[in-house]
Amino acid sequence: MPHYLRREPIHQDTLDALLGADTKVDFIKMDIEGAEVLAMSGAREILTRSSPIIMSEVHTSQLALVSGASWREYFVLMAGFRYRPYFITGGPAGALVDEIEDGKIYNVAFLKNQ
């Protein structure tokens, strides 16, 4: 390893454990290179209790590499919390996402289906 690099242990935990039961979450922004499925799997209490708006990059290739999940599996996970995905188009949430192309990157807003 080069002398200018060093390794340090870091603490890793779920969003639910980090924020605790008393913290209200209104908004989550994610661009974590394919780890979105892992992050949302660790935010079950937050998604159920607080119903935050979620802005997420959906990098289809990275999802498979990092989370071992397809974009469809990510969307099914979110649907289990009653979220629907919408394209972000530079203004208000755009069209409901029902199909995207593998190998591409999208910005999606997940809104709770009331």
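Modeller: Before we start, contact here means heavy atoms within 4.5 Å. This is a predicted model, where local features need pLDDT of at least 70, side-chain atom pairs count only at pLDDT 80 or more, and totals for chains, interfaces and linings use all residues. Residues are numbered from 1 along each chain as its sequence is written, and side-chain values use heavy atoms, with hydrogens and water left out.

Colleague: Thanks! Which residues does Arg 44 touch, not counting those up to four places away in sequence?

Modeller: Arg 44 sits in helix H3, which covers residues 44-49; helices are DSSP runs of H or I with at least four residues, strands are E runs with at least two, and both are numbered from the N terminus. Leaving out residues up to four places away, Arg 44 touches Asp 16, Leu 77 and Phe 81.

Colleague: Does Arg 44 count as buried, partly exposed or exposed, and why?

Modeller: Buried means under 20% relative accessible area, exposed over 50%, and partly exposed in between, using a 1.4 Å probe and protein chains only. Arg 44 has 41% relative accessibility, so the class is partly exposed.

Colleague: What share of the 114 residues of the protein is buried?

Modeller: The same cut-off for buried applies, under 20% relative accessible area. Of the 114 residues, the buried share is 36%.

Colleague: Nice. In what order do the elements run from the N terminus on?

Modeller: The protein has five helices and five strands. From the N terminus on, their order is α-β-α-α-β-α-α-β-β-β.
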